[in-house]
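Trainee: I would like to learn how to read a protein model step by step. Could we go through some features together?

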Amino acid sequence: LFERAMAASDAFRRFVFARFATRLGEMMRLLETIAFVRVDARLAAALCARAGAAKTENLAVTHQQLAEDVGTAREVVSRQLEGFRRDGLVTLRRGRIDILDRPGLTTLAGVT
């Protein structure tokens, strides 16, 4: 059915390839980010994005969720967050992260 629709309809074929191109572009951007942006910068950017979306400095998020956001292992996120805590950027509680220094995180997120 799909192959027949692709062969019979120019509009359907353009739609399918446009969606495929969009998804492929998203995947390329993700791969470039993972390959060329440091984990600490990706994590800082993810925290800032979540805080901006929620309009709060107090995030209900797990280390695993953040690991999925930045494309790394939970253990790596935990180590990075501990470093952020030592630097006074965040406080950590079970299932919660409180941002203490959003400008500091923003600066870190901009470093590649």
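Mentor: Let us begin with exposure: a residue is called buried under 20% relative accessible area, exposed over 50% and partly exposed in between, using a 1.4 Å probe and protein chains only. This is a predicted model, in which local features need pLDDT of at least 70 and side-chain atom pairs count only at pLDDT 80 or more, while totals for chains, interfaces and linings use all residues. Residues are numbered from 1 along each chain as its sequence is written, and side-chain values use heavy atoms, with hydrogens and water left out.

Trainee: Is Gln65 buried, exposed or partly exposed?

Mentor: Gln65 counts as partly exposed, because its relative accessibility is 34%. Gln65 sits in helix H4, where helices (H or I, at least four residues) and strands (E, at least two) are DSSP runs numbered from the N terminus.

Trainee: Which residues does Gln65 touch, not counting those up to four places away in sequence?

Mentor: A contact means heavy atoms within 4.5 Å, and on that basis Gln65 touches Arg50 and Ala60. The side chain of Gln65 also reaches the backbone nitrogen of Thr62 at 2.8 Å. As for spacing, Gln65 and Val77 are 12 residues apart in sequence, and their C-alpha atoms are 9.7 Å apart in space.

Trainee: At what angle do helix H4 and helix H5 pack?

Mentor: Two packed helices are described by the angle between their axes and the distance between the axes. The axes are lines fitted to C-alpha atoms, for helices over the stretch in contact, and angles run from 0 to 180 degrees between N-to-C directions. Here helix H4 (residues 63-70) and helix H5 (residues 74-86) pack at about 105°, and their axes are 8 Å apart. H4 and H5 are therefore roughly perpendicular to each other, since angles of 65 to 115 degrees count as such, whereas those under 35 are roughly parallel, those over 145 roughly antiparallel and the rest oblique. On the H4 side the contact is made by His63, Gln64, Leu66, Ala67 and Val70, and on the H5 side by Arg74, Val77, Ser78 and Leu81.

Trainee: How many residues of each class does the contact of H4 with H5 have?

Mentor: It has five nonpolar, three polar and one charged residues; Ala, Val, Leu, Ile, Met, Phe, Trp, Tyr, Cys and Pro count as nonpolar, Asp, Glu, Lys and Arg as charged, and the others, Gly among them, as polar.

Trainee: What is the order of the strands in the open sheet?

Mentor: Two strands pair if DSSP finds at least two bridges between them. The open sheet has three strands in the order S1-S3-S2, with antiparallel pairing, and its edge strands are S1 (58-59) and S2, each of which pairs on one side only. S2 (residues 90-93) and S3 (residues 96-99) are joined by four bridges, and Thr91 has Asp98 of S3 as its bridge partner. S1 and S3 pair over two bridges, with Leu59 partnered by Ile97 of S3. In the hairpin of S2 and S3, which has two residues between the strands, Gly95 takes a positive phi near 75°. H5 lies across S2 and S3, and runs at about 125° to S2.

Trainee: Is Leu47 buried or exposed?

Mentor: Leu47, in helix H3, counts as buried because its relative accessibility is 0%. Leaving aside neighbours within four places in sequence, Leu47 is in contact with Leu59, Leu66, Leu81, Phe84, Val90, Ile97, Ile99 and Leu105.

Trainee: Where does Asp40 lie?

Mentor: Asp40 also belongs to helix H3, which spans residues 39-54, and Asp40 is buried, with a relative accessible area of 15%. Beyond its neighbours within four places in sequence, Asp40 is in contact with Gln80, Phe84 and Leu108.

Key
Polar contact = N/O pair within 3.5 Å; in protein donor to acceptor, adjacent residues only side chain to side chain.
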